[in-house]
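Colleague: Thanks for making time today. Could you show me the model, so that we can go through it together?

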Amino acid sequence: MNYRHSFHAGNFADILKHVALMRVLAHLRLKETPFRVIDTHAGAGMYDLKGDEASRTGEWIEGIGRLQGKRLSAAAEAILAPYREALAALAPSGEIYPGSPALIQHALRAEDRASFNELHPETCKLLRRSLPRDERLVINEIDGYTAWKAQVPPRERRGLVLIDPPFEKDDEFARMADYTREMARKWPTGIAMLWYPIKNARAVGRFEEALQTSGFAKLMIAELHVDNSAEVGPLAACGIAIANPPWKLAEELTTLLPELSGLLARRKVARWRVDWLAGP
Ligand SMILES: C[S@@+](CC[C@H](N)C(=O)[O-])C[C@H]1O[C@@H](n2cnc3c(N)ncnc32)[C@H](O)[C@@H]1O
């Protein structure tokens, strides 16, 4: 287990994932009934963009660095708003980048709950330190897939599972697809959001096929390409798959991604995609 998110925090992949996360949470907040968020691979919670690890890759400079101080069109900004608002509240200096647990905590209301699961002991310690004490949260030092299986369905029967593994192992796509199938059986109305790298088109194609038959009636994907993707070298494209996406999310990402991909493109090569694997 070598992966440290601090090298990558605030890069283009975090932006796609966290913008979509904040939109899903904004939609969940529209109904009064409480919800629960289960973050299976939570990470450290807060990242120092001026620290040694982030500085060594500089990935954030071509990610959140390009969004800082830049306004997109009014339509795109309306979609970015919950993400922008959370960043302004959690990290106003722009020198810290909040990870998924901090963003989720920020979006919870008094009756909502979240569980953050992180297997790496040191990272889990950092996570506990980075979040203010909060009775709405549970932090577990545990395998994320075990947590996904054990914590679904939550008592509230409303909410989201975020699955954001490090992709250090060859079978990560297959495991994600298997556990998605299991969730469709146990909690067919829950929202699942899975992040994945796009390096090998065939592996992604097989993953999409597996998701098509996972049992969820509605499942969409959104991709962000900031360069031509290659199996080796720096990550240039990634996707998110969302089971039971909130109404309008596909439309919102279709409005945002043309501008966002243009802004984040390396060498002017940018592409995006929003598609349904099941349903609408
Ligand atoms: C991509 S990072 C998570 C980033 C975080 N979700 C965010 O958006 O800010 C993946 C995390 O998973 C952790 N991890 C690796 N294997 C794990 C496992 N089997 N179960 C839970 N966490 C794991 C890593 O230590 C790392 O912190």
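This is a predicted model: local features need pLDDT of at least 70, side-chain atom pairs count only at pLDDT 80 or more; totals for chains, interfaces and linings use all residues.

Colleague: Is α1 then roughly parallel or roughly perpendicular to α4?

Modeller: Angles from 65 to 115 degrees count as roughly perpendicular. The axes cross at roughly 100 degrees, so α1 and α4 are roughly perpendicular.

Colleague: Which class do 9 residues of that contact belong to?

Modeller: On the α1 side we find His 18, Val 19, Met 22, Arg 23, Leu 25 and Ala 26, and they meet Ile 79, Leu 80, Pro 82, Tyr 83 and Ala 86 of α4. By class, 1 residue of the contact is polar, 1 is charged and 9 are nonpolar.

Colleague: Now the helix pair α8 and α9: how are their axes oriented to each other?

Modeller: The two axes come within 9 Å and cross at roughly 10 degrees. Angles under 35 degrees count as roughly parallel. The pair α8 and α9 is therefore roughly parallel.

Colleague: And which residues of α9 take part in the contact with α8?

Modeller: From α8 come Phe 173, Ala 177 and Thr 180. The contact as a whole has 6 nonpolar, 1 polar and 1 charged residues. The partners in α9 are Ala 203, Arg 206, Phe 207, Ala 210 and Leu 211.

Colleague: What is the bridge partner of Asn 117 in β5?

Modeller: Strand β4, residues 113-117, runs parallel to β5, and 4 bridges join them. For Asn 117, the partner in β5 is Asn 140.

Colleague: Which residues does the cis peptide bond join?

Modeller: Most peptide bonds are trans. Here is a cis one, with omega at about 0 degrees. Pro 153 sits in the loop between α7 (144-151) and β6, and the bond joins Val 152 and Pro 153.

Colleague: Is Arg 157 buried, partly exposed or exposed?

Modeller: Arg 157 lies in the loop between α7 and β6 and has a positive phi of about 60 degrees although it is not a glycine. A residue counts as buried with 20 or more other C-beta atoms within 10 Å, and as exposed with 12 or fewer. Arg 157 has 13, so it is partly exposed.

Colleague: Last one: which residues are closest to the ligand?

Modeller: The ligand is surrounded by 19 residues. By class, that shell has 6 nonpolar, 9 polar and 4 charged residues. The closest are His 41, Gly 43, Gly 99, Ser 100 and Gly 144.

Conventions. Residues are numbered from 1 along each chain as its sequence is written. Axes are lines fitted to C-alpha atoms, for helices over the stretch in contact, and angles run from 0 to 180 degrees between N-to-C directions. Helices (H or I, at least four residues) and strands (E, at least two) are DSSP runs, numbered from the N terminus. Angles under 35 degrees count as roughly parallel, over 145 as roughly antiparallel, 65 to 115 as roughly perpendicular and the rest as oblique. Two residues are in contact if their C-beta atoms, placed from the backbone, lie within 7 Å. Ala, Val, Leu, Ile, Met, Phe, Trp, Tyr, Cys and Pro count as nonpolar, Asp, Glu, Lys and Arg as charged, and the others, Gly among them, as polar. A residue is near a molecule or strand if its C-beta atom, placed from the backbone, lies within 6 Å of it. Two strands pair if DSSP finds at least two bridges between them.
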